[in-house]
Amino acid sequence: MPSILPLGDPAPDDGRFPAEVGHRIHSAAAGGTPRTFSLYVHVPFCTVRCGYCDFNTYTAEDLGPGASRSSYADTVRGELDFAAEALRASGIPDRALETVFFGGGTPTLLPASDLVGILGRARDVFGLAAGAEVSTEANPDSVTAASLQELAAGGFTRVSFGMQSAVPHVLATLERTHRPENVPAAVAWAREAGLEVSLDLIYGTPGESLDDWRTTVQAALALRPDHLSAYSLIVEEGTKFGAQVKRGVVEDVDPDDQADKYLLAERLFAEAGYRWYEISNWALDPEDEGIHRARHNMAYWRDQDWWGAGPGAHSHVAGVRFWNAKHPAAYAQRLATGISPSVGREEPDAEARFLERVMLGVRLSEGLPVTELEAAPDGGVQARQEIAAMIGEGLLDGRAALAGRVVPTLQGRLLDDAIVRRLAGF
């Protein structure tokens with residue numbers, strides 16, 4: 001969750017939605033394609049702020065009334081109550097949560113009882129669908145066997161560990177607080193608690209060799225997680241890394257090096273039985289049944305609905321996007337005075353939504369339906385010509401195109417931005 005909020009219109013203090021939002025949700029359900037509903041909970045606390053991080057996170061334990069680690073859970077529970085009332089007052093039908101995701105920051109810096117308590121309030125005000133996926137991010141050194149057992153007993157089903165690397169000098173460059181040996185222990189504890197396990201990796205760190213990256217991938221695979229994410233390091237403006245690159249203290253990332261590391265990861269993951277289903281995500285799925293895919297993230301990529309709770313959190317309900325006050329103290333103060341924590345709102349126009357749908361759809365192994373390109377100003381004529389050209393260039397899967405879907409090849413995944421620009425007519 002980037003720390004810079006977008007521009008938009010002021011959000012109403014009562015949090016209510018335009019009448020057409022409820023109509024869209026009712027219409028989708030009546031048409032046989034109901035919009036699913038999820039919850040994201042942002043926990044902004046970290047022990048240190050990593051040099052590459054651009055998220056809305058803070059290292060102080062106390063950021064003001066309602067925004068300390070000890071009081072934060074109560075504040076979030078207050079937002080969930082507010083959200084449920086705002087949705088119902090707007091005529092939006094009740095929908096049980098299909099997925100819940102606690103991110104940050106480091107959610108597991110809060111006591112497990114606080115996370116379980118927030119989940120309990122979500123269950124009370126929204127309901128949890130049968131078989132709902134409930135995940136939390138965690139650093140490998142921010143959990144214990146007992147805390148993971150408590151999370152599992154309280155309804156959590158999945159934990160995503162920020163492993164990032166198995167090589168000490170790479171972890172040091174990234175300013176991660178854990179040691180490589182923390183990861184196997186944390187994974188073992190999660191398994192004992194009955195939780196699904198995902199590992200997050202980062203490649204392309206300055207000073208990381210191809211052999212370093214191979215070591216990381218092999219170490220992750222040796223733990224047989226259910227799911228793997230591998231993200232290329234991006235140097236963001238305003239971060240410590242960004243300043244160091246500008247001063248020449250740290251080398252900038254090398255796109256060719258990152259491409260080599262992506263190709264290595266894909267090969268090793270595939271050999272171990274992991275299938276890609278989104279450009280940066282793989283699931284242990286030899287039969288391609290999708291059982292270990294991150295369902296919460298799939299809701300984002302499929303343009304479903306979610307409420308984002310916490311400072312700076314973003315939400316989407318049937319085409320309306322809105323976001324909360326960024327600083328935890330300002331966020332907590334708004335809730336304490338009975339007004340919406342949301343400070344901005346927008347409803348993207350047809351052109352913006354078309355671009356977003358193309359951008360998200362071609363990231364997925366299931367692909368983008370070719371029929372969705374008809375929303376282009378020319379009815380998709382140019383896009384269809386580009387599809388034919390990109391099949392010839394080896395960027396798109398020809399068989400998938402014949403079946404009516406735009407799916408990138410392995411080479412196409414490396415050039416995803418170019419595919420989006422060509423399909424969208426840029």
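A contact here means heavy atoms within 4.5 Å of each other.

**Overall view of the predicted protein chain.** In this predicted model, residues 24 or more positions apart account for 71% of the contacts in the protein chain that have a separation of 6 or more. The chain holds 16 helices and 15 strands, and its C-alpha atoms fill a box of roughly 60 × 55 × 45 Å along the principal axes. The radius of gyration is 22 Å, which agrees with the value near 22 Å that a compact globule of 426 residues would have.

**Burial, surface and charge of the protein chain.** Of the 426 residues, 54% count as buried, while the chain exposes about 17700 Å², of which carbon and sulfur atoms supply 53%. The side chains include 38 positive and 59 negative ones, and the centres of these two sets lie 1 Å apart.

Within α11, which spans residues 328-336, the buried residues are Pro-328, Tyr-331, Ala-332, Arg-334 and Leu-335. These residues lie on the same side of α11, because they cover an arc of only 160° around the axis.

Just after α11, Gly-338 takes a positive phi of about 80°.

Conventions:
Residues are numbered from 1 along each chain as its sequence is written. This is a predicted model: local features need pLDDT of at least 70, side-chain atom pairs count only at pLDDT 80 or more; totals for chains, interfaces and linings use all residues. Side-chain values use heavy atoms; hydrogens and water are left out. Buried means under 20% relative accessible area, exposed over 50%, partly exposed in between (1.4 Å probe, protein chains only). Helices (H or I, at least four residues) and strands (E, at least two) are DSSP runs, numbered from the N terminus. The arc is that of the directions from the helix axis to the C-beta atoms. The radius of gyration is taken over C-alpha atoms; the globule rule is 2.2 Å times the number of residues to the power 0.38. Accessible areas come from the Shrake-Rupley method with a 1.4 Å probe; for residues, only the protein chains shown count as cover. Lys and Arg count as positive and Asp and Glu as negative; His and the chain ends are not counted. The place of a charge is taken as NZ of Lys, CZ of Arg, CG of Asp or CD of Glu.
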